[in-house]
Amino acid sequence: MSVKKGRVVIEGIGLSKSYGPIIALDNVDIEIRAGEITALVGDNGAGKSTLIKILAGAVIPDAGEVRVNGERVVLRTPADARDLGIETIFQDLALAPDRDVVTNLFLGREVLRKGMAGKFGMLDRGAMEAQALTQIDALGVNIPRSTGVSIGEMSGGQQQSVAVARGAFWAKTGMFMDEPTAALGVRESSRVLQLARQIAQGGVAVVLISHILPHVMELADRVVVLRHGQKVAELTEDISMDRLVTLIVGVDADDAT
Amino acid sequence: MIGKKPHSGGPSRRIRANVGGSRRSLGLALAIVAISIVMTMVSPYFFAAGNFLNVARAVAITGIVAAVSTPMLISGNVDLSVAATMGLSGMTAGALLVQELPVPVAILGALVVGLLMGFVNAVIVVKFQVNSLIATIGTAFIARGVAFLVNSGRSIFIPAESYVNLGQGSALGIPKPVFYTVVVFVLIGFVMRYTKVGAHIYAVGSSPEAARRAGISVPKITWGVFLASGFFSALAGVVLTSQAGSAFPYGGQGRELEIIAAVIVGGTALTGGRGSITGTILGVVLLGIIANSLNLVGLPVPYQDISRGLLLVAAVATDQLSGRTLGGRGVFRGLRAGTEES
C-alpha cells in the first residue's frame, strides 16, 4: 500500500515528562507519518495521553524535542500546534452545544469580512457556511445540513462527527484522536473511525488513542505500544490481539494463563 | 426540533430545545399583539400615540440595562449590581453638577464610576473565581452604601437645565431617552449577531471549556461583558437622574430583578449560550405593555409585580418542560448545590 510509504511529518525525540515523583513519559521516540493511522495503545497510566498532549502543545515536556516536517518546534500552547496544522479531537467538551455546526466549525477561527467591515470584527457568515457545507459533503458525514440547528440537539455520534469534521477541516499536518469513540455506540463509533480513515487517506497523519483493540487492529497502519511511560514496541504487521495484550500488560500471555 | 427525545449519551451531553431562538420571539410578539387587541377594546386610551410614548418612556431606562444584561447572561454570568450602579453613578453626576462642573464632565464622571463597578466585578469574578451572582450581590451592597454616603443619604437636586433636558426633552415628538435606548439596542444587537466578539460571547456561555480549547480567551470575554454592564448601567443612571431632575441614593433600587426578568422572558437562558437582543426587546416591551394595561384598567401597582412574577415563572417553566437543565452551567457554574453535575 502506498500509504505505508508515508513521510514522517511529526517527530518526538527523547520525550520525558514527570509529575512530581511520577514518571509519565520516559525518553520516548515516536515518528508519525502522513497518510497513516498510528494507534497509540497502553494500559491506564502508560503515558499515551501525555505523549499526545506534548505533541499537541497541551503539555510541555521536561526533556526532548518535537519536530514538525523536519524542523524543531517549541509548542507552548495548543494554539501553537494548531498553527502548524495539528488538531486534537477530544472525547467530549470540545463543542459549544448551543451553537450550530457552522459556528462550531469556525469556533475561535472565524472568517471576517473583507475591508472595513472586517476591521470592525464583522463575521463573513456566508463564506463560513459555504466552506462548512463543502467540508460536510466532502466527508459525507451524516449531520443536519441546515444551519441554525444547535449541536446539542444532535445525537452523540453526530456531535462527534462535527468535532472530527472540524479537526479534518483544519488539520493540514496531523490529527490526534484521544478515545474519540469512548462515549459512542457501536454504529456511531464505526462511522467516526471511517472518518479517521478518510482523513488519513487525504494525506494527514492520524494518531488514534483507543482502548478498544479490535478498532486498533482494524484501522491502524502502525501500532505504538507504551508501558509505564516507555515505548515497548512499534508494530506494522502481524498485529494480533494476543500480541497486543501481551505487550500492553507486559507479561507473556502464556504465563498469565 | 421541539419535543425531540433527549439523547441519553454521556453526562456531558444534553439536548435542549431551541427555545431561546425565533420560536420564543414569535410567542412574545403574539402575546404583545393579543394584549394590544384586548386592551384596544377595553380601554379607549390604549391605542393612542400618547400612550405608546408613555410605554416607551417607561421602558427606556430598563431597556438600556436589559440590553447590556443580555450578553452578560449569554456569557454565563449575571450582574445584579446594575441597579446599584445606576444609583451610584446618578449620585456621582448629581454631586459633580452641584459643584457647577460642566454637564459633559458630570456625565463622564458617572460613566467612569460605572466602568469602575464593571472593573471591580470583573476582578472578583475573573481573578478570584467568585461566582458572578454572589460577587455582584456583594458589590451591589457596597455601591448602594457608597451612593448613600455621597450626600449623607440625601438626594441631590440637579440645577443644570441642559442635563435635565437629556431625560425630559423630546425630539421629533419622541422622548429623548427612547433614542438612547434604541441606539444601545442596535449597537449591542449588532455586536451579538454580526461580530466575532458576539460569537465568542455565545461560545463562552455555551461551553467555557470548548471556547478555551478553541483558543478563545474566557477571561477577556468576561472582562468585556462586565465593563460593558457597568458602563451602560451608569448611562441608565444618567438618564434616570436627568428624567427625575434629581439624583436619589436609592435610584434604580429593585430594578435589577425587573431587568433580568425581562431578559429571561425574552428567551435568554441563565445557563448561558442562548438568547437574543430581539427577544430582550420583546421581553421589555411585553412587560411594559402589561404594566401599562394594568394601569389603564385601574389595577394598582402591586398587580404589576404579581403579573411580572407570573410571567417570569411561566416563561422559565416552559424552558424546563422542553428539557433544559440548569445545574452546573452558566450562572450556576461554581455554585455548590446538592445536585451538582458530575
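Modeller: Two strands pair if DSSP finds at least two bridges between them; strands (E, at least two residues) and helices (H or I, at least four) are DSSP runs numbered from the N terminus. This is a predicted model: local features need pLDDT of at least 70, side-chain atom pairs count only at pLDDT 80 or more, and totals for chains, interfaces and linings use all residues. Residues are numbered from 1 along each chain as its sequence is written, while chains are lettered from A and ligands numbered from 1 in the order in which they are written.

Biologist: Which residue in strand 7 of chain A stands opposite Ile89(A)?

Modeller: Strand 6 (residues 86–89) of chain A pairs with strand 7 of chain A in the parallel sense, over four bridges. In this pairing Ile86(A) has Gly174(A) as its bridge partner. Opposite Ile89(A) stands Met177(A).

Biologist: Which residue in strand 8 of chain A stands opposite Met177(A)?

Modeller: Strand 7 of chain A also pairs with strand 8 (residues 205–209) of chain A, in the parallel sense and over five bridges. Within strand 8 of chain A, the residue opposite Met177(A) is Leu208(A).

Biologist: How many of the five residues of strand 7 of chain A are buried?

Modeller: A residue is buried if 20 or more other C-beta atoms, placed from the backbone, lie within 10 Å of its own. Strand 7 (residues 174–178) of chain A is mostly covered, and the number of its buried residues is four.

Biologist: In strand 6 of chain A, which residues point the other way from Ile86(A) and Thr88(A)?

Modeller: In a regular strand the side chains alternate between the two faces of the sheet. In strand 6 of chain A, Ile86(A) and Thr88(A) point one way, and all four residues are buried. Those pointing the other way are Glu87(A) and Ile89(A).

Biologist: Which strands stand at the edges of the open sheet in chain A?

Modeller: Four strands of chain A form this sheet in the order 2-1-4-5, with antiparallel pairing. The edge strands each have a single partner strand, so one side of each is left without a neighbour in the sheet. Strand 4 (residues 63–68) of chain A pairs with strand 5 of chain A over three bridges, and Arg67(A) stands opposite Arg72(A). The edges are strand 2 (22–33) and strand 5 (71–73) of chain A.

Biologist: How many strands are there in chain B?

Modeller: Chain B has 342 residues, of which 50% count as buried. Among its contacts (C-beta atoms, placed from the backbone, within 7 Å) with a separation of 6 or more, 78% join residues 24 or more positions apart. Besides 13 helices, the number of strands in chain B is four.

Terms used. A residue is buried if 20 or more other C-beta atoms lie within 10 Å of its own, exposed if 12 or fewer, and partly exposed in between; C-beta atoms are placed from the backbone. Two residues are in contact if their C-beta atoms, placed from the backbone, lie within 7 Å.
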